[in-house]
Amino acid sequence: MSSLAQPLAESVVQSVDWLAIAPPTIAAVVGLVVLVVDLFVGDAKKGLLGWLSVAGLAASTLMLLPLLDGDRSTFCLTGDAAVCSYTADRFTLVIQFLVLGGALLAALLSVTVLKDANRELPEGEFWFLLLSSAAGAALLPASRDLATLIVALEVASLPAFALVGIKRGDRKSSEAALKFFLSSVTATAVSLMGVSFVYASTGTLYLTEIATKIQNVDGQLHTLAQTGVVLTLVGFAFKTAAVPFHFWVPDTYVGAPLPVAAYLSVVGKAVGFSGLILVTVIALPSYADVWGPALAALAALTMTIGNVGALRQQPTHAYSAVRLLAWSSVGQAGYLLVPIAAAAYSQDAEKAVGSTIAYALMYAAVNLGAFAVAALVARTKPLNRISDYRGLYASRPLSALVLGFFLLCLAGLPPGIIGLFAKVTVFSAAVDAGLGWLAVVMAVNVVIALFYYLQWTTLLFRAPEEEPEKHRVPAPLTAAIALTAVLGVALSGAPQLVLRFSDTGLF
Amino acid sequence: MVDINESVMQFLLAFIVVGPLLGAAAAFLPAPPGLKGKSPEQAMLRHGVTVTGAVLIAAIVLALGFDHNQPSRMQATTDISWIPALDVRIHLGTDGISLPLLVLTALLTFLCALYSYFKMPSGPTPKAFVALLLVLESGTLATFAVLDLLLFFLAFEMVLIPMYFLIARWGGEQRQAAAWKFILYTLLGSVVMLLGLLLVGLKSGTFDMMALATDNGRSLTTSVQVIAVLAIGIGLAVKTPMWPLHSWLPDAHTAAPTVGSVLLAGVLLKMGTYGFVRILLPITPDGFRTFAPYLAAFAVVGIIYGSLACLALAKQGAKGDLKRLIAYSSVGHMGFVLLGIATMTPTGVNGALFANIAHGLITGLLFFLVGALKDRTGTSDLDTLAEKTGAALYGKAPRLGGLLAFGAVASLGLPGLAGFWGEMLALFGAFDPADGLSRPAFLTFMAIAAFGTLLTAAYMLIVVRRVCMGVVPQGSPGLADVQTYEFAAWTPLVALTVVAGLWPKALLGLTDPAVQQLLAGGTR
C-alpha cells in the first residue's frame, strides 16, 4: 500500500520552495502574530507591536537576498514543470523590494503617527492590516496565473479599505473608505469578469499558456477574448489610479492617516502597474494592438488630468499639501504607464517595461520622503496646508532642504538628478517606440508639474510668518526621512543603480 | 604655449566643472576656525570669491596649457562611463570653440562674486546666494565642457533652479513673475530639446558628441534630422533667445539683480548659441540646412525688432528702463550670432563665436554699469534719470559716464573694439552662404542686418546723450564716482574688449581651425 501511495503522492502533492515564497509569507505570518499578541499586551506596551511589524517587514525584505542567485519557481503544474503559479525572477524581486521597502518606510512613519494619536487608532488592527496588505502586494508580482493575480490584488486591497477608514469616529475617514471601497470593488468585479472571458476563450489561467493559446482562439470567441482583455486591464488601471479611475485618490488620501496615504501612493501603485505589466507583456503580447493604444491614451489623460488637478490646489486650503501630493501621484501614474504603452510598439518589450520599474523605484523613494516630511510638519500643523510649509527652512533647515530635493526629484530638475534621468528613460522608451505624440504630451506635463512643485519648494525658503517653534523629531520619523534622503542622494550620484533595470531582461 | 602634462589638464577641466559644486556644498558647512572672518556674511561672500577665483585660475592655466597649434583637437579629455543603462558617459573635453567660453564664464562669475563681496544685493542671506552662484557657474561650465548629449541636457537644466532663485529672491520689482517666466519658457524649450536629443541618440546608437560629429549625420536619415533640428533648435532658440521666443528675456533682465543680469547675458545666453554650433551644425547638417534660411530670417527679424524696441524705449517720455533696453539690445546682438551660424560657413560661424564672446564682455560690462547707476540713483528708468536735459553723468560722475559711453560704443560695434569683428564676419558670412543655401535670400538678410547696425548705433547714441550728457543743475547732490572694487570688477572687461577689438586673431586663431573641421565633418 505504502509503496503504491508514494509515487501517487509525489505526483499530486507539490513540493513547495519555501525560500522562494518567504518574503510575502513572513509578512503575512508576522501580521497574524501581531494580531494575536495584541490580545495579550497591555495598553502601555502597544508600542511593541509597531516595532515587531517593522522588524517583520525588514526580515521579509532581507529574505529577498538569498533569492538573488537565480530564478526560482514553485507551485508548478505536476504535469508540466515549466508552468508555475509563483515565480521569483528579477521582475518579482525588484517589485517585492519596492513593495516591502515602501511598506517598511510607511511603517516607520506609522510608529510616530500612532504614538501621537494616543490610542485613538487601534494599534493591533492597524499593524495587522498593513502587514496583510503588504503581503498581498508582495505576492502579486510573483503570481503567474490570473487566479493568484486576482487573489493577490484583493489581499492587497481589502485591508487597505479598512486602513483608510481606521480613524474611529472620523466622518471624513469613513466616507473616504466607503468611496475607495465601492469604486475598487466595482473595478475588481469588472476585472474578474474579464478574467472569466479570457478563461472561457483560452481554457487556461496561466499567463504563459494564455499567451500562446489566445493566438489560436476560435473566430467566434474572438470578440469575447478582446472584451476579456480590456476588462481585465480595468481592475489594474484602477489600482494605479489611472484616469478615469482616479477620482477616489484625493479624498482617500486626505481621509486616511498620512502614512496610509503614503503607503497607497507607492505600494498601491506598484500593485497596479506590476499587475498591468504581467497581464499585458506576459499574457497578452499578441493583443498589443488592443492594449497599446488604450494604455497610451490612458497615460496621456492620466498625467494631464493629474497635473492639472495638482495645479489647481490652493495653498491656503486645509489639507492642500496632501491633496497636491495625491493629484501629483495621479500625474506620476501617467508617466509610469508610458513605457508600458510603449512596450506594445517596441521590439524589446522587457526593456521598455524596465523603464517603468526604474521610474517607480525613484518615485517610491522620493515620494515616501516627501510624505515623511509632510508627516513631520503635520505634527505641529495638523491642517497640513501648503502655506504651513512657509519658512520651514528657518525652523528645520535640513528637513526643508530634503523636502526641496524630493520635490525637485519629482519634478525632474537638477539637483534632483535621479528624477531627471528617470524621466529621460521614460521619454526614451516613448521615443524609441515611435510614440512621439505621447512624448510631447509628457513634455508639456513636465512643465506643468514643475510649476506646482517649484512653487512649493520656493515656499520652503521664504521668511517665516511666525516665530518657529522647536520640537524634537521622533526617531522613527528621522530614520524614515534620513533613509529616503540618503537613497535619493545616492541614486542621484549613481543613477545606474535603478536605471539598469531599463537595460536588461527582467523575466 | 606652456607644456602641461595631459593628466594635469584633465584634472583642471574636471576641477572647473566640479569645483564650484563642491564649493556650493561647502557653503552649508560651518566655517573652519581661522576662516570665520569678521562676520558669517563676510566669510561666506569671501568663500564665494575664493572658489570662483580658484576656478578662474584653473581656467586660465587650462587655456595656457592648451595646445594652440591644434585648437581643433579635443584636449584635456576625460571619458568615464556613468550610467551604462542610458549610455551616458562623463565625457569632458575642450577645443578652440569651447575654451574661450570656459574662460569667459569663469571670469564673469569671478567678477560677479568679487562685486557682490563689496555690494551684496539686498535679499536673504549671502549663504544661499553664494551657493546658488556656484551651482550656476558649475552648470554653465559643464555645458561648455561636456561631450555627451544627455550630460549636455543635464548641464543645461542645472542652471535653471539657481537662476530662478537668484531672480526671485534677490531681484527687483516684478521679480516673481519674471522668474517664473524665465524658468517655464526655458524648461518648455529644454524638454522639447530633450526629445530631439533622444531621437538623435536612439537613432544613431550613441549619445557621444564626438562620435556623432565625426559621423556628420551619415547614420541619420534626413527626416529624422529635420525633426531633431526642429526639436533641439526650439530648446536652444528659447535660451539664445531668438525672436519670437525672446519675451522672457527683458522681464528676467529687468527684475534680476545686477550679477544675475551679468551672468544671464554674459554666459547663459551663450549656452543656446553654443548648442547650435556644437550639436546642430556637425551632428545634423542636412536637417540644419533645411532650417537655416528660416533661422536666418528669424535672426534678422530679431536684429531689427531688438533695435526698434530699444529705440522706442530710449525715446523721451517712453518710461524706458535701461536694463530692459540692454536686454532688448541683447536680442539684437544674438540675432547677429544666429545669422552667422545660419550661414553654415566658416566665416559666419567664426563671426558668431566671436560675437558671442564680445557680447558677453560688453553686455556684462553694461549691466554692471547700469546696476551701479541704479544703486546710486535708485532708479534705472531713463526718463527719471534724464529728466528734461539729460542725466549729466559726465559732470556728476565722469568716470562712470566715460565707462558707460565706452560700453555703448563698444556695443554698437565701433571698429577697434570687440563688438565690431563678430558682426562684420557674420555679415560677410551671409554675403556668401554655404552651398545649398539661397544666396539671394541671404543677401537680403545681410542688407537688413546691416541696416540693423545703423539702428543699434542710433539708440546707443541716444542713450549716451540722455544719460551721460546734460547740464549739471546747480546744487544738485553729486554722485559717487567709480569705487575701487568697481574698477577691479570692470577693468578686466574693458581691457579684454579693447584687446579683442585690436587683436581679433587671438580669438579667431582658436576658433577657426575648430570651426573648419566641425563643418567639414566633425572633430578628430
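I take helices (H or I, at least four residues) and strands (E, at least two) as DSSP runs, numbered from the N terminus. The model is predicted: local features need pLDDT of at least 70, side-chain atom pairs count only at pLDDT 80 or more, and totals for chains, interfaces and linings use all residues. Residues are numbered from 1 along each chain as its sequence is written, and chains are lettered from A in the order in which they are written.

Chain B, overall. I looked up the elements and found 21 helices and 2 strands in chain B. The radius of gyration of chain B (over C-alpha atoms) is 22 Å, close to the 24 Å from the globule rule (2.2 Å times the number of residues to the power 0.38) for 524 residues, so chain B is as compact as a globular protein of that length. I noted that 64% of these residues are buried (20 or more other C-beta atoms, placed from the backbone, within 10 Å of their own).

Contact with chain A. Counting residues as in contact if their C-beta atoms, placed from the backbone, lie within 7 Å, I get 21 residues from chain B and 26 from chain A. H7(B) gives the most to the chain B side, with 10 residues.

Methods
A residue is buried if 20 or more other C-beta atoms lie within 10 Å of its own, exposed if 12 or fewer, and partly exposed in between; C-beta atoms are placed from the backbone. Two residues are in contact if their C-beta atoms, placed from the backbone, lie within 7 Å.
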